[in-house]
Amino acid sequence: MTWKAAVGAFFLAAGLAVAGAPAKKAPPAAKEESTKRLRQPDYLSELARQLLRQRMARHGKDMTRLVQAVVLLEKDVAKELAQAIASEPRITRPTPGASDELNSALPEQFFVRQDELRERAKAMAQAAASGSDDALAARLGDLTRTCVGCHSAYLEARDAKAAAP
Ligand code: HEC
């Protein structure tokens with residue numbers, strides 16, 4: 001199972017749990033979870049990739065715990081995790097004339113999605129603090145779409161650059 005499939009499956013479970021009574025126990029996590037990777041980009045240096053990967057390995061872990069917290073309606077935990085995602089330092093957009101390889105190699109959509117992630121994580125924290133159970137599940141769906149949207153833009157940029165003459 002890919003990590004995307006895992007998140008999808010968890011999210012489905014979240015919807016079901018909100019509709020019915022909260023589950024007592026979290027489903028067992030897939031054993032190979034921590035080793036799941038996005039395809040290797042070939043338009044970034046190894047260093048740039050490592051920086052991104054470190055950050056994303058943490059996202060993967062936070063997300064697993066966040067989904068579990070939502071499913072079990074542990075709102076304090078969900079709020080804390082969402083706030084942690086919202087307050088992460090962001091990769092800055094390339095500045096004109098600067099030659100920072102990582103920043104200028106990334107597609108514009110990466111930065112758009114990065115900002116969106118912060119906004120949606122904030123909305124999630126707010127729903128955990130004062131929203132309905134249903135709103136909390138919906139915000140998790142919004143957040144997940146941002147994860148997938150950025151990965152998609154990242155891989156498409158890679159494919160577009162690889163195809164360029
Ligand atoms: C701003 C863009 C962006 C957003 C938003 C984003 N990711 Fe990523 N993610 C990436 C990139 C880029 C990589 C690939 C890094 C690499 O080359 O190994 C990645 C890779 C991953 C990986 C694989 C980690 C590894 O060790 O290779 C996981 C898991 C992951 N992301 C989870 C998430 C989750 C969960 C979210 C949403 C909460 C999320 N990401 C949001 C850009 C993003």
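The shell around the ligand is made up of 13 nonpolar, 5 polar and 5 charged residues (Ala, Val, Leu, Ile, Met, Phe, Trp, Tyr, Cys and Pro count as nonpolar, Asp, Glu, Lys and Arg as charged, and the others, Gly among them, as polar). The model is predicted: local features need pLDDT of at least 70, side-chain atom pairs count only at pLDDT 80 or more, and totals for chains, interfaces and linings use all residues. Residue numbers start from 1 along each chain as its sequence is written.

**Ligand shell**
- The ligand is surrounded by 23 residues, and M56, G60, M63, C147 and C150 are the closest (a residue is near a molecule if its C-beta atom, placed from the backbone, lies within 6 Å of it).
- At least two shell residues each come from α2 (46–71), α5 (108–130) and α6 (133–163) (helices are DSSP runs of H or I, at least four residues, numbered from the N terminus).
- α2 gives the largest share, 8 residues.

**Helix α5**
- Buried residues of α5 include R113, R120 and M124 (buried means 20 or more other C-beta atoms within 10 Å of a residue's own, exposed 12 or fewer, partly exposed in between; C-beta atoms are placed from the backbone).

**Nonpolar core**
- In the largest nonpolar core, of 20 residues, L66, V70, A78, A82 and M124 touch the most other members (a core is a set of buried Ala, Val, Leu, Ile, Met, Phe, Trp, Tyr and Cys residues joined through C-beta atoms within 7 Å).
- Two or more residues of this core come from each of α2, α3 (75–86), α5 and α6.

**Loop residue L73**
- L73 lies in the loop between α2 and α3, and its phi is near 55°, a positive value in a residue other than glycine.
- L73 counts as partly exposed because it has 18 C-beta neighbours inside 10 Å.
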